[in-house]
Amino acid sequence: MRLSRRGLLRAGLATGAATALGGLASGCAVPTGSTGRNMVLWYWDGGLGDTVLKKAKARYDSTVDLQAIKIGGYYRSKLITTMTGNAHVPDIAGLKGEDMASYLPNADQFVDLRTLGAEKYRSRYLAWKWEQGIADDGSMVGFPIDCGPVALFYQYQVFRKAGLPYEPADVSEELDTWEKYFAAGEQLRKRIPGTYLLTDVNSVFENAVQQDSKRYVDKDRHFIGDQAHVRRAWSLAVEAKRRGIVSNLVTGTPDQISAVDDGKLPSQLGASWATYDIKNGNPKTKGKWRIADMPVRPSNNGGSFLSITKECREPEQAFEIITWMLDAANQASGYVDAGLFPSTPASYGLRQLREPDPFFGGQVTTDVFGPAAQKIAVAYNSPYDVALGQPIKDEIKNVGVLGKDPDQAWSDAMSKCRRIAKHLGVSY
């Protein structure tokens with residue numbers, strides 16, 4: 001069974017929390033098979049669109065033999081192991097967005113894309129996305145592929161039956177705060193018993209954190225996961241549980257999938273790539289869904305980069321390939337092929353992104369995701385965010401699924417964070 005993009009993201013986060021990039025060797029070695037003529041690109045399933053890869057191979061065939069290799073399993077671990085071993089290192093390497101912060105402290109293992117003229121492309125990309133690929137010393141490690149703006153997915157007829165706003169513009173306008181969204185969940189449950197607004201509390205917590213401009217560790221390597229922005233997200237998640245608007249189901253299980261099919265879970269906060277998850281996981285719901293703005297402001301979930309490793313013998317050629325593959329037209333193609341929402345705003349007006357989607361009632365979903373992508377808050381992403389955010393996510397899940405006392409859960413989360421911070425050398 002092929003993992004959903006959500007599953008791939010979670011798998012990447014799990015490995016990211018367990019591994020550090022500090023062991024990368026500083027030496028430089030010519031990767032086997034990589035010469036001026038041969039160029040190797042590593043990516044993962046769904047990381048790039050098939051069409052653009054085929055077009056790139058054909059376009060540059062006269063000058064380079066581009067070998068795009070799809071790496072299965074735990075991509076990040078395999079890339080780190082290969083780079084540490086200094087053999088068979090790819091010239092061009094994809095870097096998953098959730099792992100990006102862990103690569104930046106080792107920027108010297110990659111070509112600084114500014115030295116190849118990257119700065120002249122900056123204005124063509126989302127500012128916050130561009131910044132995510134830049135290390136603290138100013139060097140540019142990653143060139144933007146896609147992003148994952150989050151919106152509110154809902155089932156049109158269920159909202160209508162519950163007496164809630166049901167046209168996308170009305171939902172965006174009338175459910176524009178967490179309080180209004182939660183109140184809608186209470187009304188939904190009263191009007192249609194056995195129906196829940198969301199599957200779990202984690203979707204509230206994680207998206208509320210992602211709405212802010214801060215995460216868990218700041219630039220000074222200080223833990224900030226105990227500050228107001230995280231406490232606020234925690235309180236929202238606890239409130240969702242208290243008001244009975246979240247289910248006790250686990251995402252991806254047969255019971256949860258059936259509940260979505262039956263309209264018992266008619267709402268979710270999902271990134272742009274979730275359109276493909278719903279289509280694949282709940283094909284019976286075709287035509288029932290619409291998409292509106294997320295309450296308050298959009299968050300981001302997912303999105304990746306391409307980099308050039310220091311072992312690349314022809315970085316100028318590699319950079320030319322990257323910038324062509326990731327221009328506005330090709331990013332639009334990537335969205336059609338693999339659900340990779342473009343990081344290039346010029347893509348949003350192109351025909352491929354303007355097609356009405358029958359699965360979503362003929363809605364042009366870019367009308368929601370495009371503006372959302374341009375409103376994401378710029379946030380500093382620390383290489384320690386994954387490790388120090390996980391205990392908090394685990395404990396809010398315990399509140400939602402096991403009914404653990406929220407105050408005890410918070411206290412336990414902070415205790416775990418203190419121990420992890422001390423181990424990592426992060427001040428608390």
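Predicted model: local features only at pLDDT ≥ 70, side-chain atom pairs only at ≥ 80, totals over all residues.
Colleague: How many salt bridges does a search of the whole structure find?
Modeller: A salt bridge here needs a side-chain nitrogen of Lys or Arg within 4 Å of a carboxyl oxygen of Asp or Glu. The side chains of E119 and R122, for instance, meet in this way at 2.5 Å, N to O. Searching the whole structure for such pairs gives a total of 17.

Colleague: In the salt bridge between K416 and E395, which helix holds E395?
Modeller: The side chains of K416 and E395 meet in a salt bridge at 2.7 Å, N to O. This pair links distant parts of the chain, the two residues being 21 residues apart, with K416 placed in helix α17 (residues 406-424) and E395 in helix α16 (residues 385-402). The helix asked for is therefore α16.

Colleague: Is E395 buried or exposed?
Modeller: Buried means under 20% relative accessible area. K416 has a relative accessible area of 29%, so K416 is partly exposed. E395 has a relative accessibility of 2%, so E395 counts as buried.

Colleague: Where does D212 lie, given that the side chains of D212 and R232 meet in a salt bridge?
Modeller: The N to O distance between the side chains of D212 and R232 is 3.0 Å. The pair links distant parts of the chain, 20 residues apart, with R232 in helix α10 and D212 in the loop between α9 and α10. At 46% relative accessibility R232 counts as partly exposed, whereas D212, at 18%, counts as buried. The place of D212 is the loop between α9 and α10.

Colleague: Which residues gather with E174 in a patch of negative charge on the surface?
Modeller: E174 is found in helix α7, which covers residues 168-174. Patches are made of residues with over 30% relative accessible area and no salt bridge, and E174, with a relative accessible area of 43%, is partly exposed. The residues that gather with E174 in the patch are E167, D170 and E173.

Colleague: How many of the eleven residues of helix α13 are buried?
Modeller: Helix α13 spans residues 315-325 and is mostly covered. Its buried residues include P315, F319, I322 and W324.

Colleague: What is phi of R221?
Modeller: Most residues other than glycine have a negative phi. R221 lies in the loop between α9 (202-211) and α10 (228-242), and at 37% relative accessibility R221 counts as partly exposed. Although R221 is a residue other than glycine, its phi is positive, near 65°.

Colleague: Is V296 buried or exposed?
Modeller: V296 is placed in the loop between β8 (289-292) and β9 (305-308). This residue has a positive phi of about 75° although it is not a glycine. Exposed means over 50% relative accessible area. Because its relative accessibility is 51%, V296 counts as exposed.

Methods:
Residues numbered from 1 in each chain as written. Heavy atoms only, no water. Patch = residues over 30% accessible without salt bridge, like charges linked within 9 Å, V, L, I, M, F, W, Y side chains within 5 Å. Areas by Shrake-Rupley, 256 points an atom, 1.4 Å probe, with all protein chains shown as cover. Lys, Arg positive; Asp, Glu negative; His and termini not counted. Charge placed at Lys NZ, Arg CZ, Asp CG, Glu CD. Helix = DSSP H or I, 4+ residues; strand = E, 2+ residues; numbered from the N terminus. Buried < 20%, exposed > 50% of the residue type's maximum accessible area, 1.4 Å probe, protein only.
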